[in-house]
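Student: I have a model open and want to learn how to read its features. Can we go through them one at a time?

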Amino acid sequence: MNELNTVNDAAAKPVRTLPDAQTVTEVTHWTDRLFSFRVSRPQSLRFRSGEFVMIGLLDERGKPLLRAYSIASPSWDEELEFYSIKVPDGPLTSKLQHIQPGNEIILRPKPVGTLVLDALLPGKRLWFLATGTGIAPFASLMRDPETYEKYEQVIMMHTCRTVAELEYGRQLVESLRDDPLIGEFVGDKLKYYPTTTREESARMGRITDNLTSGKVFADLGIAPMDKDHDRAMVCGSLAFNHDVKAVLEGFGLREGANSEPQEYVVEKAFVGDGI
Ligand code: FAD
Ligand code: A2P
């Protein structure tokens, strides 16, 4: 049995009998390592933009194989969108990467997470700092009117190794200004600062370096970060999160949580690359 058959079997047969099955409506492959997909949304699912849920497929023995996934769509969207890595030998994504419209996935409707607007004290500028698939929660927050109601300026810094890996975020940001639903909220409040680190492009460098050197402030013609006005949300690998936290603390920002809002919040984009 090849991989595709395994997935189709898993998606088509037993999942349908589970109460948490949702139907795939759209799949887009961005690179050989990245894809996004949309699924039907359970009617009862309410979530705050930036939260994550557990999604997955049935394994060969008919048991749910679930992983945490940030919801990339905004809370007002009638479907749910996800942005995913393809790990070649990953238990879930080696199979999930083959889903097609009409297939079903499991989605546990219990959203949680720290990358929510409520976990930050009021401020003027909001920074989204992401590497790789860490842009997913911000794909949701960038499309939420509340983000622009609460902040005068929103800055999306996204860094990947190559230009192709930025494409999902680039197309999303480009679509916002003319979006009939969210466009008027976004206006000119959103600044996008994509960089690459291992391929030549218009803007380069790690987020940590571009913040500490002041390059991003100079390039965007804005004031440096300060704890009275700036708020930040961070989502990347453990090493990235660790290093960005030190940079933000250097600007005087403190880490917050749902239970105790402060100036910045952090979420892992994935686990498994210890520091
Ligand atoms: P796993 O056994 O889970 O992972 C194998 C290895 O692949 C890991 O050890 C790690 O080195 C690497 N890896 C896993 N995920 C990623 C990734 N996203 N980027 C780069 N390397 C990775 N993944 C997404 O693709 N999109 C999301 O929106 C997303 N949101 C998450 C939110 C949270 C809070 C957490 C904790 C994880 C999130 N993940 C996300 C990671 C996801 O849960 C799985 O790890 C991923 O789908 C791979 O599953 P797997 O079973 O194929 O491999
Ligand atoms: P670099 O190419 O300099 O390592 P990865 O694909 O390894 O998850 O990395 C995604 C992006 O995040 C890359 O551009 C990488 O830059 C950057 N990155 C990785 N680790 C860190 C870190 N500790 N601090 C800042 N940026 C990082």
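Student: What volume does the largest pocket have?
Tutor: A pocket is an open set of points on a 1 Å grid over the protein atoms alone, with protein on both sides within 12 Å along at least five of seven lines. Grid points are joined across faces, edges and corners, and the volume is the space filled by probe spheres set on the points. Here the largest pocket comes to about 1500 Å³. The model is predicted: local features need pLDDT of at least 70, side-chain atom pairs count only at pLDDT 80 or more, and totals for chains, interfaces and linings use all residues. Residues are numbered from 1 along each chain as its sequence is written, chains are lettered from A and ligands numbered from 1 in the order in which they are written, and side-chain values use heavy atoms, without hydrogens and water.

Student: Which residues of its lining lie nearest the centre of the largest pocket?
Tutor: Lining residues have an atom within 4 Å of a point. The largest pocket has 47 of them, and Thr133, Gly236, Ser237, Ala269 and Phe270 lie nearest its centre. By class, 22 are nonpolar, 15 polar and 10 charged. Ala, Val, Leu, Ile, Met, Phe, Trp, Tyr, Cys and Pro count as nonpolar, Asp, Glu, Lys and Arg as charged, and the others, Gly among them, as polar.

Student: Which element gives the most to that lining?
Tutor: Helices (H or I, at least four residues) and strands (E, at least two) are DSSP runs, numbered from the N terminus. Helix 9 gives the most, with seven residues. Elements that each supply at least two include strand 4 (64–70), strand 5 (79–85) and strand 10 (230–236).

Student: Which residues surround ligand 2?
Tutor: A residue is near a molecule if one of its heavy atoms lies within 4 Å of it. Around ligand 2 the list includes Thr131, Arg161, Thr197, Arg206, Phe240 and Asp243. Polar contacts are pairs of N or O atoms within 3.5 Å; within protein, one must be able to donate a hydrogen and the other to accept it, and residues adjacent in sequence count only if both atoms are side-chain atoms. An oxygen atom of ligand 2 is 2.6 Å from a side-chain N or O atom of threonine 197. For the side chain of arginine 206, the distance to a ligand 2 oxygen is 2.9 Å. Aspartate 243 places a polar side-chain atom 2.8 Å from a nitrogen atom of ligand 2.

Student: Which residues come nearest to ligand 1?
Tutor: Of the 20 residues around ligand 1, they are Ala68, Tyr69, Tyr83, Thr93 and Thr133. A polar side-chain atom of threonine 93 is 2.6 Å from a ligand 1 oxygen. Isoleucine 85 uses a backbone N or O atom, 2.8 Å from an oxygen atom of ligand 1.

Student: How many cavities of 30 Å³ or more are there?
Tutor: A cavity is a set of points where a 1.4 Å probe fits but cannot get out. The count is one. Its lining is Val173, Leu176, Arg177, Val186, Gly187, Asp188 and Leu190.
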